[in-house]
Amino acid sequence: MSPSLLQRTLRWLPAFLLLGTAWVLQAQNTRVIQQIDVTHIGPPAASDQMVKANIRVKVGDAYTRTGVDDDVRSLYSTGLFTQIRVTEEDLPEGVRLNYVVQGKSILSEIRFEGNEQYSDRKIRKKLTSKTGEPLEEFKLFTDAREIEKMYQKAGYQGTEVRYEAPVVIEATGQATVTFVIKEMPKVKIDDVVFVGANGFPQKKLRKAIKTRRRWMFSWLTGSGVLKDEQFEDDKETLAEFYRSAGYIDFEIKDVQFEYADPKHLTIHFIVSEGTQYRVGTVEIQGNSEFPSEDILHGDRAAEPVKMVSGEVFTPQGLEADMKAIRDFYGGKGYIDTRVRAIKNPNTTSGKMDLVYEIIDEDKGKSYIEKIEIQGNIKTKDKVIRRELAVAPGEVFDMVRVQRTKGRLEQMAFFEKVETTVDNTDIPNRKNLVIDLEEASTGNIEFGAGFSSIDNLIGFIGLREGNFDLFNPPYFRGGGQKFRINVTMGTRRRDYQITFIEPWFLNQRLALQNDLYHREFRYYSDIYEIQQTGTRIGLTKALGSEFLLGTVSYTIENIGIKDVDVDRAPEIILNEPDNRLISRIGTSLAYDTRNNVQSPDRGQRTEISTEVAGPFGGETDFYKMELRSAFYFPGFLKDHIWEIRGRGGVVETFMRSNDETVPLFDRFFTGGASSLRGYRYRDVGPRKESRNVPGSFE
């Protein structure tokens, strides 16, 4: 061996000796699990097999404390045990592990003490703790708080609820819990006074909040008592009321409770109104692409700035005006542009000078590189893409992107529609990503009911809102609509099949076809009407998505049956048993509703005409009708007001031949939806009474 090789060997020898010694020591210290036992304290909460199924260490594995600790956490996660510990015992050839577990007590009884205002049964409905389930301390704590809330909402302020330590029978593991309730009297509000309030009458301020003085119908409305949670909300409501009227510095200095006796109080709000600010000067800074006047006045894509000089300044108005400026830029592709509002108040003059700072305008316009659609599993891409108001290569118009989002939401195909912007490697080119979460669009509907018109009625229906006629056997994903309805009642029978293709011939042209057979007995109690036919219609937007034009053709047979000849007027007796009517119709509608299904803003006004006779059939007439409905939020939260009206004229072409308009197509009134106080279509031709001349029956 050469001297150099010997030196290198001697140099590494201590390391080899140390590594070998560590390996020998580790081999000597490694213990193998020879046995696993389970010991229960009290009644078993689970079988031994269930316990072992939730631990990972097995007989024959090397023993590690880390593995045992993981098993303890796993057993705790089952929610069955209150205490778990593991003991170890050395054996000649390894170690024995003993999992000592104590199961949770089973809640066998829940008691209440001190409750006089509410029965045990009513309080029990508020509890999450249930008899027969494991006892959970955190549930008991939560239940006590829920009982307190129930009392406080009813006006029993100061009521305290606690639970006593559970009584556990060790032999059976069953536990009894008692909730102790210390009830306090209901405090009635005699008056609510606003001290320091000069900007509004006391009456108007009282109406702004829900904590109100007691009145004769408080027993019905639930008002007139102090409710802690509601009162805290009212403080913020009052501040918001003032801020929305321009009192930006408004502050509630103090609230004082004046008790006439333990059950009656007067609430004093000590307020500082501050100054009602009005807008002073309005300035735009940082804009180089567009004049300030153009930004402030808005355009087709953006609303004008409404808080101009002299207007009351409000935070809501400020946010709306900032959005209008963002929309102005976003509608022109400046999607990176941001707006910051700088407020300069002058407490002496009561003016709020506003500066809108335009940030990152110099980044320039952005263009759409591509549009990515994600999350659509059933719905075909083309069904979504044809609803887009933007396209690749166009300016990235954020206003039209929001319009696209609204269109997709109104399709009712998706639970969620989100639009995001992704950067690309190409300057000023960005991707539009549309992320969707599909909703259930098919429904089977059935039910029964009673109304003043139909009397007893039952119905069953099949509806698919995302139908695809050319995709068997599932028939979904094409954006079409298909519906079958069957309605049966004591006064009507109605069978109808409807199919709608919203993009007929790959254009925004809606094709609708209806097949129907109807039997109505509620038109009158002296005759019955039958109607069998089909209608086909085409609807298209005319220049604007709000202006809709429709043409339709209907052919149907209308018959009058079971006429009571003793009571029917001459005009009904002369009506033929059956008429074949062939008619063409047109309509023009202006529809600005924000939601077709449940609008709360906008209107729909429609003028329609129908002509029967020149296209075959057995009758000649024309009809013109105007309908209009307006929608806007009501005075109460979650209420919507609808104002609607209807008027029209119908006349025959050939009156010289005693031609008459079919009874079914005439205008009548009466009923809940038109002239109240009369039965449905009850205001119309009547037969003169034989017994009392000049009167009608």
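Thr266 lies in strand 10 (residues 264-272), where helices (H or I, at least four residues) and strands (E, at least two) are DSSP runs numbered from the N terminus. The structure is a predicted model, in which local features need pLDDT of at least 70 and side-chain atom pairs count only at pLDDT 80 or more, while totals for chains, interfaces and linings use all residues. Residues are numbered from 1 along each chain as its sequence is written, and side-chain values use heavy atoms, with hydrogens and water left out.

With a relative accessible area of 17%, Thr266 is buried; the term stands for values under 20%, exposed for values over 50%, and partly exposed for those in between (1.4 Å probe, protein chains only). When neighbours within four places in sequence are left aside, Thr266 is in contact (heavy atoms within 4.5 Å) with Asp190, Asp191, Val193, Gln256, Phe257 and Glu258.

The pairing of strand 9 with strand 10 is antiparallel and extends over 9 bridges. Tyr259 has Leu265 of strand 10 opposite.

Another open sheet consists of 3 strands in the order 1-3-2, again with mixed pairing. Its edge strands, strand 1 and strand 2, each pair on one side only. From one strand to the next, the twist averages 20 degrees. Strand 1 and strand 3 (residues 94-103) run parallel and are joined by 8 bridges. Val100 in strand 3 is the residue opposite Thr39. Helix 3 packs on this sheet and touches strand 2 and strand 3, its direction making about 155 degrees with that of strand 2.

Tyr76 is part of helix 3 (residues 65-76) and is partly exposed, at 37% relative accessibility. Residues up to four places away in sequence not counted, Tyr76 touches Phe81, Thr82, Gln83 and Ile84.

Side chains of opposite charge can pair when their charged atoms come close. Over the whole structure, 42 salt bridges are found, each defined as a side-chain nitrogen of Lys or Arg within 4 Å of a carboxyl oxygen of Asp or Glu. One of them links Glu88 and Arg31, whose closest N and O atoms are 3.2 Å apart. Glu88 is located in strand 2 (residues 81-91) and Arg31 in the loop between helix 1 (3-29) and strand 1 (33-41), so this pair ties together parts that are 57 residues apart in sequence. Both partners are partly exposed, Glu88 with a relative accessible area of 39% and Arg31 with 26%.

A salt bridge also forms between the side chains of Glu89 and Arg96, at 2.7 Å from N to O. Glu89 is partly exposed, with 35% relative accessibility. In the salt bridge of Lys332 with Asp299, the closest N and O atoms are 2.2 Å apart. Lys332 is in the loop between helix 10 (315-330) and strand 12 (338-346), and Asp299 is in the loop between helix 9 (292-297) and helix 10, so parts 33 residues apart in sequence are tied together by the pair. Lys332 is partly exposed at 21% relative accessible area, as is Asp299 at 27%. Through shared partners, salt bridges join Arg31, Arg65, Asp69, Glu88 and Asp90 into one network.

A nonpolar patch on the surface is formed by Ile536, Tyr553, Ile555, Leu580, Ile584 and Phe615, which together have about 450 Å² of accessible area. Accessible areas come from the Shrake-Rupley method with a 1.4 Å probe, and for residues only the protein chains shown count as cover. Patches are made of residues with over 30% relative accessible area and no salt bridge, like charges being joined within 9 Å and nonpolar side chains (Val, Leu, Ile, Met, Phe, Trp, Tyr) within 5 Å. At least two residues of the nonpolar patch come from each of strand 23 (544-561) and strand 24 (578-591). Tyr553, in strand 23, is partly exposed with a relative accessible area of 31%.

Definitions and conventions:
Two strands pair if DSSP finds at least two bridges between them. Axes are lines fitted to C-alpha atoms, for helices over the stretch in contact, and angles run from 0 to 180 degrees between N-to-C directions.
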